[in-house]
Amino acid sequence: MKINSTGKLFVTALTISLILAACAKEDGSNDVVTLPRDKFIGTWHVTSHGTNSGNQFWDLIIDPASASAAEQVVMKNFDQQGDSTPVYADVSGTDLLIPSMVVGTVTVEGTGSLNGATLTLDYTSTDSQTDTVHATATK
């Protein structure tokens, strides 16, 4: 069977169209969704200074609070309270809000802010005395 010039042109155009369609950039609908809290997740190496506790060095583990709480994290070993005493924080952009809560026998509350790769925490820890703490952390 002989294919005329018009037929060859049609087959060539169809082949090029299929190749271009296969190489076309997707619309991004399959992109991984990142949640506001994701930038905080991980192990942070903390350097802190408290008005009563002085200089301290410790590790802070930040995990997602739950699958349904996209803007909340749970912090373990916050203020060296151990892994079994979680402290919850609400995420808003690059900021954390630690609402007043009792952790063991200590009441903590404060704020945090992420600037680049550095997490800054300012909080109070109160039992019989109030310790005002400023901390910086990196992963």
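**The nonpolar core and its aromatic cluster**

The largest nonpolar core in this predicted model has 25 residues. A nonpolar core is a set of buried Ala, Val, Leu, Ile, Met, Phe, Trp, Tyr and Cys residues joined through side-chain atoms within 4.5 Å. Buried means under 20% relative accessible area, exposed over 50%, and partly exposed in between (1.4 Å probe, protein chains only). Leu60, Phe78 and Leu119 have the most contacts inside this core. Elements giving it two or more residues include β1 (42-50), β2 (54-64) and β5 (95-103). Strand β5 gives the largest share, four residues. Strands (E, at least two residues) and helices (H or I, at least four) are DSSP runs, numbered from the N terminus.

Residues are numbered from 1 along each chain as its sequence is written. In this predicted model, local features need pLDDT of at least 70, side-chain atom pairs count only at pLDDT 80 or more, totals for chains, interfaces and linings use all residues, and side-chain values use heavy atoms, leaving out hydrogens and water.

Now look at the rings. Rings of Phe, Tyr and Trp (its six-membered ring) pair if their centres lie within 6.5 Å; planes under 30 degrees apart count as stacked, over 60 as edge-to-face and the rest as tilted. The count comes to two aromatic pairs. Trp58 and Phe78 sit edge-to-face, 6.4 Å centre to centre, with 80° between the planes. Trp58 lies in strand β2 and Phe78 in the loop between β3 and β4, so this pair ties together parts 20 residues apart in sequence. Phe78 is buried, at 1% relative accessibility. Phe78 and Tyr123 form a tilted pair: 4.6 Å centre to centre, 50° between the planes. Trp58, Phe78 and Tyr123 form one aromatic cluster.
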